[in-house]
Amino acid sequence: MSVVPVAGQSGAPAAAPSAAPSTGAVTTARSSDSSQAPKCSTQDLRWTLTRLTDAGTGTGAKDPANAELVAVNAGTRSCTLTGYPKLEFHLGKGPQATWVGTGSPAPVALGAGTKVVIALRYSEFNGKGPDSGNCVFVTAGAADVAAPGDGSGVRVPVVDRSGKPPEITICGNEVRMSPPVTR
């Protein structure tokens, strides 16, 4: 096996690449923070929360998203989304469901008018299944959202695909988020 040096590196043999190349991408993106646009604040972004499924209906996909959280850079300058946004659904002062993300997603640069989409998955109450009678329900027509690392949040109404205001009924206290992606 021959070793081909990368520009700027010596010809010394390098360790074999790890099996998780996405970790390197995250590290690389974060190591150049000084050249990135400033972090997006909650106020820089226009948020929407769209319910994609109706309780009890299936789309045929293995693990379809129940809803999606979209943030559009409403400013005139670029900013960088640096992780998962904070997301909370509340039932008055009672139960709540909060976000859970896996790992540290790579920072996402958002130019003016660019949008980022985060798929949301949760257990919907549909009156069926072994746990549907034993779960804590959180029914909400809105959610509290904040950009990563921003302490000030905004209330975002839930809409369906046609823009009408449905409620989301979550069975449990966890909403799983996929990493943010631009569209």
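How many disulfides does the structure hold? The structure holds one. The model described here is predicted.

## Overall make-up

The protein contains one helix and 13 strands.

The protein has 183 residues, and 33% of them count as buried. Its exposed surface comes to about 10,600 Å², of which carbon and sulfur atoms supply 54%. For contacts between residues at least 6 apart in sequence, 79% link residues at least 24 apart.

## The disulfide

The bond runs between Cys-40 and Cys-79, with an S to S distance of 2.1 Å. Cys-40 sits in the loop between helix H1 (21-31) and strand S1 (45-51), while Cys-79 belongs to strand S3 (residues 79-81), so the pair ties together parts that are 39 residues apart in sequence. The torsion about the S-S bond of Cys-40 and Cys-79 is about 90°, so this disulfide is right-handed.

Are the two cysteines buried or exposed? Cys-40 has a relative accessible area of 5% and is buried. Cys-79 counts as buried too, at 2% relative accessibility.

## Glu-68 in strand S2

Strand S2 covers residues 67-73, and Glu-68 is part of it. Glu-68 counts as buried because its relative accessibility, 16%, falls under the 20% cut-off.

Which residues does Glu-68 touch, leaving aside neighbours within four places in sequence? One group of contacts is made up of Thr-48, Leu-49, Thr-50 and Leu-52. Glu-68 is also in contact with Val-117, Ile-118, Ala-119 and Leu-120.

## Ala-71 in strand S2

Ala-71 is found in strand S2, the strand that also holds Glu-68. With a relative accessible area of 0%, Ala-71 is buried.

When neighbours within four places in sequence are left aside, Ala-71 is in contact with Leu-45, Arg-46 and Trp-47, and also with Thr-114, Lys-115 and Val-116. How far apart in space are Ala-71 and Pro-85, C-alpha to C-alpha? The distance between Ala-71 and Pro-85 is 9.7 Å, and 14 residues separate the two in sequence.

Terms used
Residues numbered from 1 in each chain as written. Predicted model: local features only at pLDDT ≥ 70, side-chain atom pairs only at ≥ 80, totals over all residues. Heavy atoms only, no water. Helix = DSSP H or I, 4+ residues; strand = E, 2+ residues; numbered from the N terminus. Buried < 20%, exposed > 50% of the residue type's maximum accessible area, 1.4 Å probe, protein only. Contact = heavy atoms within 4.5 Å. Areas by Shrake-Rupley, 256 points an atom, 1.4 Å probe, with all protein chains shown as cover. Disulfide = S-S within 2.5 Å.
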